[in-house]
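Hi everyone, thanks for coming. Please bring up the sequence and the model, and we'll walk through a few spots together.

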Amino acid sequence: MSYKNFFVNFNDYLGGGETLLLRLVDAFTTDGVEVITSHDSYIKRELDYKQNKNIKCHSYNESYNYSYMNFRERSNLLSWLDPIFSPKSHQQNIVTFCMRDLHIVSDYVKKRGLKKTRVTHLLLHPLDHLYLGQTILNKLTSMIFNRSYFSENQNIALNFKILNQLAESGSLIPMNFNTLKRVNFDTGINLKHEDIIPLPFYEHFEMDFKMPSSSDYRENISIVWLGRIVDFKIPAIKAMIDFVSSQSGFTFDIIGYGNESVIAKYISKSKAHDKVKILGKINLPDLKKILSKYDVGYAMGTSMAELTVCGLPTIVALASPDFRSFDDPLCAGLVFEQKAGNVGDNLYCLPLYEQKNPSIDNAMNLIKKNPEECLLKSLSHLESNFSLTENICKYKKVIELPKAVFFKDISIPYASCFRKMLYKTYSLL
């Protein structure tokens, strides 16, 4: 009996996990692949555009937040999945991209008594394993004190139990060094360095850009941010505004969308109001041409790679897990200085060890001293760590080889009525 590949990702926005799914779909197309997503998702729009007969896209038109569903709503979702996962002619390789979707899949596999289902979970966030780990009080306290608290021990224990069963089947994949260290520390699951598969992005590009030289970086240096303007990225954007405010000869443009009003307000109160601009969302086909006008890139996630392959020496921005602004303009260093697969998420490992993160000023001085060397080293780093072909092959190998998992002794919790009310009213939880 043959195995069929299913990718489950209900997120309706565009992020690293959604980009990864679409790249994996392309790699599995010849084998046949089915995608399960939400009705208004970026994933569905992209797959509809492709119109590939070897790709089936199933989109759910109701809420997909499983913990906030009642019994009837969960039953409806699982019944909707029945004809998709029908085991009459095949068994399943199922891939999930976040803990919420793994809850749905594990509950389905357990309740339907599927004996030969193979599930692979991709750890794409350093705190994915703490999903639903915050009480209402934790949430409120975090908002007041700008620190994350996780004391919903029953839910955390459930996550650990599910992940441990996948680890035993060899189908748990951390995306980088920081994620591996944080998961190992919190759960005790013994993931190894060789289990890391960084996000597949980089294929050797023709260098059709002008190679930078130090003479171009003596004055009037233009910096560009690329990425969404969301809570955990906003402190990094503010840090660069602070840097530009304190230095002469720099300008900073922000390409991205989200909470522009927060940044606009911050710019208006800074000394850099005439040196910082928000460009908002731009058309992807125009991106390369627009980026060619800048000297230095600034981003986190796969956007750091996008900037680098467009010929920009790039500073890696720091994600802020508590959404707290930095006391000083800090960063994660340059692209080539990152550990395996790291994309600016160093601060998520603070409970493990204090890391000395460099200042933006130090990173900028390295670029000014030898921009060509910084760019070439960064391109080499992308090629050896974020290889599209090599990393996709690694994913395929893991997805197609794990043992079946039965998800023993798990029970997905229902959110309390009060928590549901807050979620629906304020989107707080």
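Is Phe 10 buried or exposed? Phe 10 counts as buried because its relative accessibility is 1%; buried means under 20% relative accessible area, exposed over 50% and partly exposed in between, with a 1.4 Å probe and protein chains only.

A quick word on the ground rules. This is a predicted model, where local features need pLDDT of at least 70 and side-chain atom pairs count only at pLDDT 80 or more, while totals for chains, interfaces and linings use all residues. Residues are numbered from 1 along each chain as its sequence is written, and side-chain values use heavy atoms, with hydrogens and water left out.

Now to the aromatic rings. Rings of Phe, Tyr and Trp (its six-membered ring) pair if their centres lie within 6.5 Å; planes under 30 degrees apart count as stacked, over 60 as edge-to-face and the rest as tilted. The structure holds nine such aromatic pairs. One of them, Phe 6 with Phe 85, is edge-to-face, at 4.9 Å centre to centre and 75° between the planes. Both Phe 6 and Phe 85 are buried. Back to Phe 10: its ring and that of Tyr 64 have centres 5.9 Å apart and planes at 20°, so the pair is stacked. Tyr 64 counts as buried too, because its relative accessibility is 15%.

Finally, have a look at Arg 74, which lies over the face of Tyr 66, 4.4 Å from the ring centre. For that, CZ of Arg or NZ of Lys must be within 6 Å of the ring centre and within 35 degrees of the ring normal. Lys 396 lies over the face of Phe 28, at 4.9 Å from the ring centre.
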